[in-house]
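Here is a short note for a colleague who is new to this protein. Please keep the structure open while reading.

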Amino acid sequence: MKHIRNFCIIAHIDHGKSTLADRLLDFTGSVTEREKKEQLLDNMDLERERGITIKSHAIQMEYIYKGETYILNLIDTPGHVDFSYEVSRSIAACEGALLVVDAAQSIQAQTISNLYLALENDLEIIPVLNKVDLPSANPEEVTDDIVDLLGCDAEDVIPASAKTGIGIEEILSAIIEKIPAPKGVEDEPLQALIFDSVYNPFRGVETYFRVINGEIHKGQKIKFLATGKTYFADEVGTLKLIQHPKKVIKTGDVGYLITGIKDAREVKVGDTITDAANPTKNMIEGFENVKPMVFAGIYPVDTEDYEELRGAMEKLQLNDASLVFAPESSAALGFGFRCGFLGMLHLEIIQERLEREFDMTVITTVPNVSYHAYTKKDPDEQIIVNNPSDLPDPSSLDRVEEPFIKASIITKSDFVGPVMSLCIEKRGIITNQTYLTPERVELSFDMPLAEIVFDFYDRLKTVSKGYASFDYSPIGMRASKLVKVDVLINGNSVDALSALIHSDNAYDIGKKMCEKLKELIPRQQFDIPIQAAIGAKIISRETVKALRKDVTAKCYGGDISRKRKLLEKQKKGKKRMRQVGNVEIPQQAFMAVLKLND
């Protein structure tokens, strides 16, 4: 056990985590020339296309140091704020972390939040200064920033370049020297932590675990503590590039387990695996529960695919434990699911993965957050409003509270003005402004979560020319003056488009929604009015004009009354048609409402 090291790599998005993981694999000889490719651990098409890590990937390496062979279990983690739950799971399975900082971009918001996560779990931190070979790198300045942040010595910071391979040997020796070996008792009953799982259509659920105490044997009868179910360990092994079956996985090691479970709901991430005959008394603690921030409805395009969609969501939840969903139905869209996401990128990725991995074409409704409503009848009784249609009648409403977050934005000092005006436009209140260096500022805001859900992140990148980094944490609920804006198409309310909006912005947003929908709804044989309303009061209206046949073409000359008679007849027909006509709303209309500022 003293030759095992478990560590993860944490950093802000795009600071070179996956490339560093590639170099470590090369250096330890874990991959052959034939298997080599850039960002080797990012094995999902989506990850390679977008250049981001979405899933944590575990891999085992062997390295000979001072004549002894060490086993290194590396978990490469995502860097985007929407996938911080993945990072928290990886950290729970490790004793140490490499904190990677880009020498050109210095410390960013996500680096700091991931660092605090690691420190809370008492991980040994090894600071790595990456990309030192770049012409725009400032190694001395950034090293000083890291020393200030961590309180370590400048000599502890390892200068490296994951692209060219500088400093890789130093990183490996630091991992072996500084990261403590796993602590655990081999003679105790088996106790292992599930930190991830994936669904394999041929073999059922593959569970990734880390053994804390005891050991797990092939063919052993095991028990999952959260569900209380027992299984046989058909196969256990370690995770190299491909899975390597083993007879036994010992204390402190990381491995995979196949039990032939076909039902995705039976495996819970954060659960404890133990021996069925001699179970451990205590479950493993210290796993944080996921807190979804953004809620949206996901509906199958064809209502008959509802059960298939449920199966796809359950399999996806195995692979991404931060997805939360519950069934719901909508008057406009039929049966579907109300899903909780960690942010807009997470929502986009889930939608893409449903389409690619499970061939499910889905409709996503306008994302919103969870509100608390209180009525005048019983001001203490809290009603949770996940969907604007759940809001009680405005006349009986006492107050509505919405979730607020503490946003921390790190940017160059040149962009402080535009970033501030963007946050104030989004109802943010500035709470702090700190100059980290003369060039870089950290701004702290208290903001309503609903305002950052839509396009905040994209606009922040635009106003700061890509230099601002953003991180947030929830700070509770606060009362706000919110109104429900309904969209009526041809006089019928479309529940999937209604939204809860602050009363100051309601008129503008209602007007923009109507204008946007006018462009997207195809013309019919009759006029289609598109209206935005607060309660019974219409605040904006646009009309999609009817397509008309030229009924007067056959009248040349003659009395005007002949033309008028034909036009009147046409008008009556259009009116009757409008009463029975249905308007199909295209999928782009639901998504376009999110991009009102484009």
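The points below go from the whole chain to single contacts.

1. Basis. This is a predicted model: local features need pLDDT of at least 70, side-chain atom pairs count only at pLDDT 80 or more, and totals for chains, interfaces and linings use all residues. Residues are numbered from 1 along each chain as its sequence is written, and side-chain values use heavy atoms, leaving out hydrogens and water.

2. Overall make-up. The protein has 14 helices and 31 strands. These are DSSP runs numbered from the N terminus (helices: H or I, at least four residues; strands: E, at least two). Of the 598 residues, 54% are buried. Buried means under 20% relative accessible area, exposed over 50%, partly exposed in between (1.4 Å probe, protein chains only).

3. Aromatic pairs. The structure holds five. Rings of Phe, Tyr and Trp (its six-membered ring) pair if their centres lie within 6.5 Å; planes under 30 degrees apart count as stacked, over 60 as edge-to-face and the rest as tilted. Tyr306 and Phe335 form a tilted pair, 6.0 Å centre to centre with 55 degrees between the planes. Tyr306 lies in helix H7 and Phe335 in strand S19, so this pair ties together parts that are 29 residues apart in sequence. Tyr306 is buried at 14% relative accessible area, whereas Phe335 is exposed at 51%.

4. A second ring pair. Phe325 and Phe337 have ring centres 5.4 Å apart and planes at 85 degrees, so the pair is edge-to-face. Phe325 sits in strand S18 and Phe337 in strand S19. Both Phe325 and Phe337 are buried. Ring pairs link Tyr306, Phe325, Phe335 and Phe337 into a cluster.

5. Salt bridges. The count is 17, taking a side-chain nitrogen of Lys or Arg within 4 Å of a carboxyl oxygen of Asp or Glu. Arg338 and Glu328 meet in one of them (3.7 Å, N to O). Arg338 is in strand S19 and Glu328 in strand S18, ten residues apart. Both Arg338 and Glu328 are buried.

6. Bridges within helices. Arg310 and Glu307 form a salt bridge (3.6 Å, N to O). Both lie in helix H7, three residues apart, about one turn of the helix. Lys511 and Glu515 also form a salt bridge, with the closest N and O atoms 2.9 Å apart. Both lie in helix H12, four residues apart. Lys511 is partly exposed at 33% relative accessibility, and Glu515 is partly exposed at 31%.
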